[in-house]
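Welcome! Take a moment to turn the model around on your screen, and then let us walk through it together.

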Amino acid sequence: MRVLERVRLATAFRAILVATDSPRVAEAVGAAGGQAILTRADLSSGLDRVAEAARDLEDGIIVNIQGDEPFVSAAGLDRLVSLFRNPHVRMGTLAAPFPVDEDIADPNRVKVVVDQQGRALYFSRSPIPHGKDAVPLLHVGVYGYRRDTLLELSRLGPCPLERTERLEQLRALWHGIHIYVAVGEYGSVGIDTPEDLERARRQFRAGRETT
């Protein structure tokens, strides 16, 4: 519900749908005035869950915001959608300067390297790029797709790099689909560990809804 509240602050969306395999989650979404779509429980990634939910939707831009991002930036989501004004963009995502108080070696903090055109070269749980003068970027795990690209990626299935790193976005790079990266102050506290959950609770108790 925290994620749904944050997403509703963005201005770029015509509709907000929650794709879930949990009737309990769907019931909570409905009670909050939202709309949920029940999907299969055996899907391998968030990409595949969103693709299943998108099969009956009209063509357009689909943005995947996962349920572990209660501090997702509404401004970042609007910026992500704006990338698709470029007709060559098939997929996009967000990144932020790596926080100075975070451990770059933490595998739960995914790093991304981009080229001079703002396209992702690689994502990794390992510290990239290497070197004492490196300026790492923190990947913010939200994704935008043109609907046909999303469905294509779902049909292709997981690739070796995706399985190794446990990062679904590598499926696109593996198959030669560029991912455009909007970089800004879009940092978020994703909930990947019990420590992340406690940190998020402290932020909410302090009235801090953004990082």
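Is Tyr145 buried or exposed? Tyr145 is buried, because its relative accessible area is 0%; here buried means under 20% relative accessible area, exposed over 50% and partly exposed in between, with a 1.4 Å probe and protein chains only.

Before we go on, a word on what you are looking at. This is a predicted model, in which local features need pLDDT of at least 70 and side-chain atom pairs count only at pLDDT 80 or more, while totals for chains, interfaces and linings use all residues. Residues are numbered from 1 along each chain as its sequence is written, and side-chain values use heavy atoms, with hydrogens and water left out. The pLDDT is the predictor's confidence in each residue, from 0 to 100. The chain averages 91, and 98% of the residues score at least 70. Among the elements, S6 has the highest mean pLDDT (98) and H8 the lowest (81). Such elements are DSSP runs numbered from the N terminus: helices (H or I) of at least four residues and strands (E) of at least two.

Back to Tyr145, which has a partner. Tyr143 and Tyr145 form a tilted aromatic pair, with 6.4 Å centre to centre and 35 degrees between the planes. Rings of Phe, Tyr and Trp (its six-membered ring) pair if their centres lie within 6.5 Å; planes under 30 degrees apart count as stacked, over 60 as edge-to-face and the rest as tilted. The structure holds 1 aromatic pair. Tyr143 is buried too, with a relative accessible area of 4%.

Now for the wider surroundings. The largest nonpolar core has 23 residues, and those with the most contacts inside it are Met91, Phe123, Tyr145, Leu150 and Leu153. A nonpolar core is a set of buried Ala, Val, Leu, Ile, Met, Phe, Trp, Tyr and Cys residues joined through side-chain atoms within 4.5 Å. Among the elements that give two or more residues to this core are S4, S7 and helix H5 (147-156), and H3 gives the most, with 4 residues. Apart from this core lies another, of 20 residues, among them Val63, Ala74, Ala96 and Tyr180.

Ala74 leads us to helix H4 (residues 74-82), where Ala74, Gly76, Leu77, Leu80 and Val81 are buried. Why are they on the same side of H4? Because they cover an arc of only 160 degrees around the axis, taken from the directions from the helix axis to the C-beta atoms. What covers these buried residues includes helix H1 (2-7), strand S3 (61-65), strand S4 (91-97) and strand S7 (137-146).

Our last stop is Glu102, in the loop between S4 and strand S5 (111-114). Glu102 is buried, with a relative accessible area of 19%. The side chain of Glu102 makes a polar contact with the side chain of Arg109 at 3.2 Å and another with the side chain of Arg199 at 2.9 Å. A polar contact is a pair of N or O atoms within 3.5 Å; within protein, one must be able to donate a hydrogen and the other to accept it, and residues adjacent in sequence count only if both atoms are side-chain atoms.

How values were computed: Contact means heavy atoms within 4.5 Å.
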